[in-house]
Amino acid sequence: MKNSNRAKESVAADVQFAVSESYKTIRTNLQFLLNRSVGCKVIAVSSAQAQEGKTTNSVNLAISFSQLGKKVLLIDADLRRPTIAKKLKIENTDGLSGILAGFSTAEQAIVSINNYLSVLPSGAVPPNPSELLASLEFEQLLASLKEKFDYIVIDTAPVGIVSDALSVGSVSDGVLLIIKAKSTTYHDFERVVDSLKLANITLLGAVLNGSVVEEYLPNYRSL
Ligand SMILES: Nc1ncnc2c1ncn2[C@@H]1O[C@H](COP(=O)(O)OP(=O)(O)O)[C@@H](O)[C@H]1O
Ligand SMILES: [Mg+2]
């Protein structure tokens, strides 16, 4: 029993290591891709459908950049199904929707997690998310936040369902698409890539989320 527990712990540690290494690889690739843009780099994260790993990847990517000693702001711009505040256990009274509606300021709404990582939660779910994200106010807010941070990672709603991510993508350096293994269809992915192209938005790359790393499988099976 004890041996089995130890084996499980060792596999869990291996998987943890593999996950954090994967985020470092994504981070490095993005750094190469964005090295031409000067100043703050803005990365929008989206996918075709809900539940494909946009928020998980946005949070981990923001953490990964902050571990380089960069000043990072993570924004929850999925104003339809926001989950970052709950996930990070921070307050969500002020937030992006509050700033855009003129109820609060960025200073009031941004939550500092540590010296490097800050979070702008969604705020209350508004009745008009598309309008808010396509507004001049959103563009101006982003321009002012770019003065204060090295990286801004923006979690968005799925491209396949609403236009919100396209509005966010058009004021970002590009969009990172999340593909969920054994779930995102080729057709859905192709449609998203076409929408980005049509809107003249840079596709930074795609992350395959939730795939099983074969080399750990034998260990799992033997537990
Ligand atoms: N690679 C993964 N392995 C295991 N669970 C995951 C993985 N990626 C996401 N999840 C889980 O799947 C659910 C949906 O992920 P989330 O990041 O919230 O998706 P989205 O933001 O695209 O709706 C969450 O419960 C999350 O914890
Ligand atoms: Mg989400």
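Strands β6 (residues 174–180) and β7 run parallel and are joined by six bridges. Helices and strands here are DSSP runs numbered from the N terminus, helices being H or I with at least four residues and strands E with at least two. In β7, Val-207 is the bridge partner of Ile-178.

This is a predicted model: local features need pLDDT of at least 70, side-chain atom pairs count only at pLDDT 80 or more, and totals for chains, interfaces and linings use all residues. Residues are numbered from 1 along each chain as its sequence is written, and chains are lettered from A and ligands numbered from 1 in the order in which they are written.

Now the whole sheet. Two strands pair if DSSP finds at least two bridges between them.

Next, a helix and a loop. Helix α9 (residues 186–198) has 13 residues and reaches 18 Å from its first C-alpha to its last, close to the 18 Å expected; the expected span is 1.5 Å times one less than the number of residues. After α9 comes Asn-200, with a positive phi near 60 degrees.

Leu-68 sits in the loop between α2 (54–66) and β2 (72–77). Leu-68 and Lys-24 are 44 residues apart in sequence, and their C-alpha atoms are 9.9 Å apart in space.
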